[in-house]
Every structure is written in structure tokens, then in C-alpha cells.
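Please walk through this structure from one packing arrangement to the next, with the sequence and the coordinates side by side.

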Amino acid sequence: MKITVLLGGSSEERDVSLSSGSAVARALRSAGHEVVSWDTLRGPITPEREQEILDRGIGQAPPAHLEKDIVERGDLGPMLGAPEVEGTDLFVPVLHGGAGEDGRLQTLLELRGVPYAGSDRVGCLLAMDKEVSKSLFRDSGIPTPEWVALDTGLHGVDRAVEAAGTHADRLGYPLIVKPPSGGSTVGLSLVHDPSELEPAVLNAAALESRVLLEAYVEGRELTVGILDQEALAVGEIIPEHELFDYECKYQPGLAQEIFPADIPAEVEARVQQVGLAVHRTLRLADFSRVDFILDGEGTPWVLEANTLPGMSPSSLLPKSGRAAGYPFPDLCDRIARVALARNSA
């Protein structure tokens with residue numbers, strides 16, 4: 001089939017998306033598909049440019065101050081009318097964060113009647129907004145750390161900082177402070193005591209008008225991939241830093257990512273079961289990745305679900321797939337074929 005891979009974009013995770021999308025494009029070609037790569041900020045990308053992106057790797061910090069891409073501008077027309085894209089059977093979004101993952105891209109594609117891989121606008125919106133998704137987890141009996149959301153746009157930053165102190169005393173230290181719709185831990189802080197709280201709130205508020213305070217659960221960080229209603233292998237992440245932050249995620253040697261995780265079979269089964277429950281609760285489609293903290297009592301606490309997780313061969317979902325018997329090209333091919341069949345139903 002002819003596939004157009006959408007990558008890049010203008011979110012803080014642009015560099016990650018460029019790397020993921022380039023890897024997916026190359027994998028789909030190796031699986032026999034005709035593939036076009038389209039950066040939603042800059043336009044078409046050649047196979048040679050894809051290789052340059054993969055060779056360059058991902059920088060230590062996310063990019064900033066990018067202009068709006070075609071998704072943020074709400075105008076896919078120039079791309080859809082481009083000769084390179086003509087005849088596309090399926091669009092495969094590999095955009096991380098921002099308008100590519102929060103449902104805006106999916107809405108624009110649906111309005112055009114364009115078939116695409118991954119979750120629809122509703123699933124993307126539910127998963128991206130952690131305040132909403134955590135509420136759904138709680139109501140569905142899925143363990144998730146206690147939290148509170150503060151609206152700095154409604155009440156002002158000063159009042160939010162003041163309120164954060166009261167909620168932090170209730171949640172206890174240490175605690176997590178983060179934007180509710182961010183990814184790749186951008187804007188996230190681990191706050192150890194009251195002296196660190198205000199800078200953390202201001203850091204998160206610089207990215208979004210809401211700030212999420214979340215109870216910190218000490219334990220092992222686990223993740224599981226979901227592919228077409230199948231839970232893949234459970235993995236464990238052991239970062240060199242205190243948290244699995246942006247640098248640990250994307251700089252070689254700063255985290256151990258062990259697939260399959262060295263955990264008892266009953267714990268593995270429980271994590272897979274809860275991962276599938278998260279996928280279904282949020283109405284996700286085709287593929288996703290669910291992240292957990294496993295506490296000392298063996299309870300897997302859900303941190304978040306990712307509708308468009310990292311997709312380079314060294315990313316977590318591909319490692320989960322490989323450990324379950326899906327080499328990277330087969331994983332990408334399976335996602336595309338499942339998505340096309342769902343769109344054709």
C-alpha cells in the first residue's frame with residue numbers, strides 16, 4: 001500500500017517525532033510499502049534526509065519557539081493536494097505531543113475522510129489530558145496516583161502557587177508537578193520539599209494554564225505496549241537520574257530498558273491486564289503504550305497512556321513488541337494493516 005508518514009511538527013517533542021517517523025518510514029519500506037515522509041512543519045522529507053535525522057539522533061533538550069505547523073493552523077489542504085501524497089492509502093501519524101497527538105490532527109483527517117492509523121480524536125484527547133484520563137481510571141477502578149489540578153489561567157499563578165502548598169501538604173512530599181497534557185516529561189519536576197514547590201509550579205505553568213500535582217509512588221517503573229487489543233511484553237526502565245526524564249529517555253546510556261521485565265508471572269499478567277483496561281477505557285485504537293509504577297506491595301499504578309509513543313527501534317513500544325515476537329518492520333507493518341482494515345470496515 002502507499003503510506004504517508006506524518007512526523008516532525010512543532011511541539012516540544014519535534015526532535016523525537018522526526019527520529020521516530022524516519023525510523024517508521026524506513027521500516028515500512030522494508031516491509032514492501034511505498035512510503036512518503038511528510039514533516040507537518042517543513043514539508044516532504046527524502047529518504048536521504050531520514051537517514052541524516054537518524055544518524056544525528058535526538059538532542060539533550062527539546063526545541064523551543066517553533067512556528068505553527070499545518071495542524072496547528074488547521075490547514076492540511078496543501079499537503080493533501082501535493083503530488084507526493086496523491087494516491088495515499090493510509091496516513092500514519094508519528095507526531096508526539098501538541099496538535100499531532102491531542103486530537104486536532106485526527107479531527108482534521110476525519111473531516112477530510114482520510115484513513116489514518118491510531119486512535120481517533122476522542123481517544124487522543126482523553127489520553128493526552130491526564131486530569132481527564134486519571135478521572136476515568138479512578139472511576140473504572142484502575143489504580144492511579146492521587147492528584148489535584150490547578151488552573152493558573154483562571155485563578156492566576158500566585159493563587160495557584162499558594163493553593164499548591166496546601167495540596168502538597170495533603171499529598172505529601174516528594175510529589176510530582178507537571179503540565180497535564182505534556183509528554184516526554186517536559187515541564188515535569190520531582191519536588192522534595194516546600195522550597196522546590198513554587199519553581200516547579202512556575203515551570204509547568206510556563207507550558208500550560210493548568211498544573212497537575214500528583215502523589216509520588218516509589219517503586220519500579222514498568223511499561224507495556226498494546227497492539228490490536230493484544231498486550232505485548234512488559235518492560236522495566238531503570239534511569240540513571242532520579243526520574244526517567246527527557247535526557248534519560250533520549251540520550252544513550254542513561255537508562256536501562258529491560259524487556260521482558262524480571263518480574264513474577266502473576267505481576268506481568270496483572271500489568272498486561274491493566275494495560276488493556278486502560279487502552280479500552282480511553283477508547284484507543286490500533287496501538288498504544290501504558291506506563292506504570294509498581295509499588296512494593298505489587299500494585300501497578302497507572303501513570304499515563306501514550307496514543308503515539310516513541311517509535312524508533314530503540315523506543316519502548318518497539319522493544320515491547322520485539323520481546324513479544326514482533327521485529328520492528330513487522331510491528332510497523334502490523335499497525336498499518338490493522339489500521340487500514342479498521343478504516344475499511
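The axes of helix 9 and helix 10 (residues 197–205) come within 10 Å of each other and cross at roughly 125°, where an axis is a line fitted to C-alpha atoms, for helices over the stretch in contact, and an angle runs from 0 to 180 degrees between N-to-C directions. Helices (H or I, at least four residues) and strands (E, at least two) are DSSP runs, numbered from the N terminus. Helix 9 and helix 10 are therefore oblique to each other, given that angles under 35 degrees count as roughly parallel, over 145 as roughly antiparallel, 65 to 115 as roughly perpendicular and the rest as oblique. Their crossing is right-handed, a term for the near helix being turned clockwise from the far one by less than a right angle, with anticlockwise giving left-handed. On the side of helix 9, Val157, Val161, Ala164, Gly165 and Ala168 meet Leu197, Glu198, Val201 and Leu202 of helix 10, contact meaning heavy atoms within 4.5 Å. By class, this contact of helix 9 with helix 10 has seven nonpolar, one polar and one charged residues; Ala, Val, Leu, Ile, Met, Phe, Trp, Tyr, Cys and Pro count as nonpolar, Asp, Glu, Lys and Arg as charged, and the others, Gly among them, as polar.

The model is a predicted one, in which local features need pLDDT of at least 70 and side-chain atom pairs count only at pLDDT 80 or more, while totals for chains, interfaces and linings use all residues. Residues are numbered from 1 along each chain as its sequence is written, and side-chain values use heavy atoms, with hydrogens and water left out.

Helix 9 (residues 157–171) also lies across strand 5, strand 6 and strand 8 (210–215), and runs at about 175° to strand 5. These strands belong to an open sheet of four strands with the order 5-8-6-7 and antiparallel pairing, two strands being paired if DSSP finds at least two bridges between them. Strand 5 (147–151) and strand 7 (189–191) form the edges, each pairing on one side only, and the twist from one strand to the next averages 25°. Strand 7 is joined to strand 6 (residues 175–178) by three bridges in the antiparallel sense, and within this pair Val177 has Ser189 of strand 7 as its bridge partner.

Strand 2 (residues 34–39) is mostly covered, since five of its six residues are buried, that is, under 20% relative accessible area, as against over 50% for exposed and partly exposed in between (1.4 Å probe, protein chains only).

Helix 1 passes helix 2 in a left-handed crossing. The residues of helix 1 that take part, among them Leu18, Ala25 and Arg29, meet residues of helix 2 including Pro47, Ile53 and Leu54; by class, the contact has six nonpolar, three polar and four charged residues.

Which residues does Val302 touch, not counting those up to four places away in sequence? Val302, whose place is in strand 13 (residues 300–306), is buried with a relative accessible area of 0%, and the residues it touches are Phe137, Ile142, Pro143, Thr144, Pro145, Val274, Val278, Val290, Asp291 and Phe292. Although Val302 and Ile142 are 160 residues apart in sequence, their C-alpha atoms are 7.4 Å apart in space. Phe137 is found in helix 7 (residues 130–139) and likewise counts as buried, at 0% relative accessibility. Leaving aside neighbours within four places in sequence, Phe137 is in contact with Ile142, Thr144, Val278, Leu282 and Val302.

Finally, the buried residues of helix 13 (residues 316–323) are Leu316, Leu317, Pro318, Ser320 and Gly321. These buried residues pack against strand 9 (220–227), strand 10 (230–239), strand 11 (255–258), strand 12 (287–294) and helix 14 (328–344). Helix 13 is followed by Gly325, whose phi is positive, near 100°.
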